[in-house]
Amino acid sequence: MSTNSAPAAWLTQESYDRLKAELEHLSGPGRTEIVARIEQARSEGDLKENGGYHAAKEEQGKAEARIRQLTQLLETAHVGEAPADDGVVEPGMLVEAKVAGDVETFLLGSREIAGDSDINVYSEKSPLGAAIQGMKAGDSATYTAPNGKAISVEIISAKPYAG
């Protein structure tokens, strides 16, 4: 693996299956629907002033970007069971921590694990995520935020995320 490629994401089997279904829809029926809308709009005449055509082309671009993102994620993902309920901070854990004096609850791992949930998610590769990996309740550390500030963090609890 080259040094500039991102490490693989951890996904539950449920998250993997959901993302795989999304990819199959986008690259099959979803792609066909967008192409049909583009063709319909194209048949309406002058493309310079055709809002429907431009909207469909923009939608196509977003869908193709999502297809590339999902393909890459699913090809490299580590799929497995939720982590053990042993209180150790690791990907897939819902962590409660005091960060810079404020209590926060967040998921450590990939945004894709959380699905449609509005829970905050921190990558295990983020400064905070890297600083707290392997910690347990009562452990504390300091990490450097992207703005250069040193931020203290104390783990209150860590339990498997059940989205």
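Visitor: Which two strands form a hairpin, and how many residues lie between them?

Guide: Good place to start! The hairpin is made by strand 3 and strand 4, with 2 residues between them. Strand 3 covers 93–99 and strand 4 covers 102–108. Please keep in mind that this is a predicted model.

Visitor: How do strand 3 and strand 4 pair, parallel or antiparallel?

Guide: They pair in the antiparallel sense, over 7 bridges.

Visitor: What should I look at in the turn?

Guide: Here is the general idea. Most residues other than glycine have a negative phi. Now the case here: Ala100, in the turn, has a positive phi of about 55°.

Visitor: Is Ala100 buried or exposed?

Guide: Ala100 is exposed, because its relative accessible area of 51% is over the 50% cut-off.

Visitor: What is the strand order of the whole sheet?

Guide: The sheet is open, with 5 strands in the order 5-4-3-7-6 and mixed pairing. Its edge strands are strand 5 (121–122) and strand 6 (140–144), each pairing on one side only.

Visitor: Where can I see the mixed pairing?

Guide: Strand 4 and strand 5 are parallel, over 2 bridges, and Leu108 stands opposite Tyr122 of strand 5. Strand 6 and strand 7 (residues 150–160) run antiparallel and are joined by 5 bridges. There, Ala141 has Val153 in strand 7 as its bridge partner.

Visitor: Let us turn to helices. How many residues does helix 2 have, and how far does it reach?

Guide: Helix 2 (residues 51–76) has 26 residues and reaches 38 Å from its first C-alpha to its last, close to the 38 Å expected at 1.5 Å a residue. At its start, a side-chain oxygen of Asn50 comes to within 3.2 Å of the backbone nitrogen of Gly52.

Visitor: Which elements do the buried residues of helix 2 pack against?

Guide: They pack against strand 1 (10–12), helix 1 (13–42) and helix 3 (111–114). Among these buried residues are Tyr53, Ile67, Leu70 and also Arg66.

Visitor: Why does Arg66 count as buried?

Guide: Arg66 has a relative accessible area of 19%, so it falls under the 20% cut-off. Its side chain makes a polar contact with the side chain of Gln69 (2.7 Å). Leaving aside neighbours within four places in sequence, Arg66 is in contact with Leu19, Glu22, Leu26 and Glu112.

Visitor: What about the nonpolar residues?

Guide: The general idea is that nonpolar side chains tend to be buried together in soluble globular proteins. In this model, the largest nonpolar core has 22 residues, and those with the most contacts inside it are Leu11, Leu19, Ile113 and Tyr161. Strand 1, helix 1, helix 2 and helix 3 each give two or more residues to this core, and helix 2 gives the largest share, 7 residues. There is also a second, separate core of 16 residues, including Ala97, Phe106, Ala145 and Ile155.

Visitor: What does Tyr161 touch?

Guide: Not counting residues up to four places away in sequence, Tyr161 touches several residues, including Gly92, Leu107, Ile113 and Ile119.

Visitor: Finally, what is the mean pLDDT of the chain?

Guide: The mean pLDDT is 85, and 93% of the residues reach 70 or more. Over residues 1–6, however, the pLDDT is below 50, and beyond near neighbours in sequence this stretch has 2 contacts in the model.

Terms used:
Residues are numbered from 1 along each chain as its sequence is written. This is a predicted model: local features need pLDDT of at least 70, side-chain atom pairs count only at pLDDT 80 or more; totals for chains, interfaces and linings use all residues. Side-chain values use heavy atoms; hydrogens and water are left out. Two strands pair if DSSP finds at least two bridges between them. Helices (H or I, at least four residues) and strands (E, at least two) are DSSP runs, numbered from the N terminus. pLDDT is the predictor's confidence in each residue, from 0 to 100. Contact means heavy atoms within 4.5 Å. The expected span of a helix is 1.5 Å times one less than its number of residues. Buried means under 20% relative accessible area, exposed over 50%, partly exposed in between (1.4 Å probe, protein chains only). A polar contact is a pair of N or O atoms within 3.5 Å; within protein, one must be able to donate a hydrogen and the other to accept it, and residues adjacent in sequence count only if both atoms are side-chain atoms. A nonpolar core is a set of buried Ala, Val, Leu, Ile, Met, Phe, Trp, Tyr and Cys residues joined through side-chain atoms within 4.5 Å.
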